Amino acid sequence: MVELTIPDEVAVEGVETGRPVLEVDNISLSFGGTTAISDVSFDVRAGELFAIIGPNGAGKTSIFNSISGVYIPQQGSITFAGEDVLGRRPESIARLGVARMFQNIELFDNLTVLDNIMLGRHNHLHYSLLSAFLFAGKAKRAEVANRRIAEEIIDFLDIAAHRSFPVGMLPYGIKKRVELGRALAMQPSLLLLDEPVAGMNVEETEDMARFILDIRSELGISMILVEHDMGLVMDLADRVLVLDFGHRIALGTPAEVQADPAVIKAYLGEELG
Amino acid sequence: MSTTDTVRPDPAPARPSRAATRSLRGRPALYTSYASELAIFNTGTKKFWVGALVVAVLLLPFALQRDMVALVATVFVFAIGGIGLNLLTGYAGQVSLGQAFFLGVGAYTAAVFGGESSRGVIGLGWDMAIWLPLAGLVPALIALVLAPLAARVRGLYLAILTLGLVFIGEHIFKEADAITGGAGVGRAPAEPIFLGFNLFDRYEVFGYRIDRFTTFYYACFVIFVVMAVLARNLVRSRFGRSFAAVRDRDVAAEVMGVSLLRTKTIAFAISSFYAGIAGALLSIIIGRISPETWNFFLSVEFLAVIFIGGLASISGAIAGAVFVVMLPKLVNNLTGFLPVSSGVGQGGILNVFELQTIIFGLLIVLFLILEPRGLYGLWIRVRNYFKAWPFSY
């Protein structure tokens, strides 16, 4: 992964200083009378693996949608790489270096694995419409050069055998990997992983965990992980944010969070009397 | 990552030598460079058959009668319009019933800039080298203006919006007498004089007499080939991929950095450019253009081209054009064997036109149910069967 080893100067600088890449400050989001997120704040440091957990409907995916610009919170601020991103279009936030893996696979089903990953390269391909019509010169050079990067990612995720199949035909576990590949192809400085191992067996979960660790150690990409698999979260995460009904109830290292009475109450309930 | 030792198809050179780009003997699917895999004709078989087809098309006029030559020229024109619609509807997923409107705008743009002025109708009489690009650019500009509106809606709503465009267009065409000649009157189309050569005239080449339909047949073929190759290039570029992304998952496309408005606008404008060129050429084949030509049914015919031919496939659009243009002729020839009359009001159970309409509708329904990928899908099935032949898998 020669090209990907140093994904972004911002992230690499950050690893040394540990300064925050993403700062979420007091955001609140509601749909009509329903509050999805209320007054949640946290920050993600460069190179960190940050986890968000919470029962169903706690607002985890809503936070992802707010960060990537699909939803716009009514209050608060979100700062990424020093820029205020609240209210920006999703494609403009993507250009700043936020990539995302979706909870329910959102791949382009009719395209091949390769084309899906090449779509992750979209913002790195800058040739003009005219050049595309002729498919010569800059367009061809850019396509070939970026194809090499796409192949590096295919190798990394071990999906070479599926390279030229339409994604819609592939099994679930492979689709999840393709989605991770598509996000990596964007060379992000922040990667949002929405339940990357949901519905996977132990072996597939271990594979995915290894990929996540590789991404962190070799590419230095900061990640936010939303996951219900507590074993995975507690093993991998540097810090954990716990949400319940849109409220932040705890934030700390896995050990701190596990011992927090509010967390235990949210997950297990409390004794009567 | 222990991936550095993995064998990769492309060892490195940015500009591979000619020998490196050629596939190994007997291994047509083994590519030794990314550039050769990305090529349009990436196998020898494709090169051979496309070459053979081009030769056949070039020789065809000598074997056909005049009206058939004109019909095949119409196939090329329908293929141009069909490719344009397939870029918008097949690739970018934006169902458009407005193709007829843009065909009309193209035809009238060509007629205004390239036609003769007569009896209150404007005609500048410019060269085809000017009016042909304009016939594409003017519809594309109109599409650019309409795109922000059209990009806000999708699916059925977009279909209705573009349908409205056809009716508004028909009304404008009927009222704008100075440009279109008005309802029931019409006007003469543009003169296909390209850099002094009349492309709709008879010539004598090496003792062969080439009639005017044959001349125009070749002109249409050249324009069609150029536009088909350009479209094929576009769909394998980042633009083609972003079209497909918007079609398959628009939210995910945005999160990948693809702007929906921009992508839909580009698709809409390019599609209208193709429609405009097709309209201009079609008007010359028809000979005289009346505002009623550019109606809803013409839009449906173009939708039939891509549904029967195959969505999201350039060769599918071409196959669809052959089918849609040739079918009425075929049905006509069959009337001798069927209990149908040859015209309206001549008794019999059905007349030819009714039979044509029924067959059309039936085919669209059958294709949607049995093979949504159209003729292109049928071809893929046949190809895959013979790839593994004589084994079933």
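How are H10(B) and H12(B) oriented to each other, roughly parallel or roughly perpendicular? This is a predicted model, in which local features need pLDDT of at least 70, side-chain atom pairs count only at pLDDT 80 or more, and totals for chains, interfaces and linings use all residues. Residues are numbered from 1 along each chain as its sequence is written, while chains are lettered from A and ligands numbered from 1 in the order in which they are written.

Back to the helix pair. Helix H10 (residues 238-248) and helix H12 (residues 260-286) of chain B pack at about 110 degrees, and 10 Å lie between their axes. Axes here are lines fitted to C-alpha atoms, for helices over the stretch in contact, and angles run from 0 to 180 degrees between N-to-C directions. H10(B) and H12(B) are therefore roughly perpendicular to each other, a label that covers 65 to 115 degrees (under 35 is roughly parallel, over 145 roughly antiparallel, the rest oblique). H10(B) contributes B:Phe239, B:Ser242, B:Phe243 and B:Val246 to the contact, and H12(B) brings B:Leu260, B:Thr263, B:Lys264, B:Ile266 and B:Ala267. Contact means that C-beta atoms, placed from the backbone, lie within 7 Å. Helices (H or I, at least four residues) and strands (E, at least two) are DSSP runs, numbered from the N terminus.

Over in chain A, an open sheet of four strands runs in the order E2-E1-E4-E5, with antiparallel pairing. Strands pair if DSSP finds at least two bridges between them. E2 (34-45) and E5 (83-84) of chain A sit at the edges with a single partner strand each, so one side of each has no neighbour in the sheet. Strand E1 (residues 20-31) of chain A is joined to E2(A) by eight bridges, and A:Ile27 has A:Val40 of E2(A) as its bridge partner. Helix H2 (residues 60-67) of chain A packs on this sheet, touching E1, E2 and strand E4 (75-80) of chain A, and its direction makes about 65 degrees with that of E2(A).

Chain A also splits into domain 1 (1-97 + 187-266) and domain 2 (110-185); such bounds come from an automatic or database domain assignment. The domain centres, taken over C-alpha atoms, are 25 Å apart. Where the domains meet, 13 residues of domain 1 of chain A contact ten of domain 2 of chain A.

As for the two chains, 38 residues of chain A are in contact with 30 of chain B. H6(A) supplies the largest share of the chain A side, nine residues.
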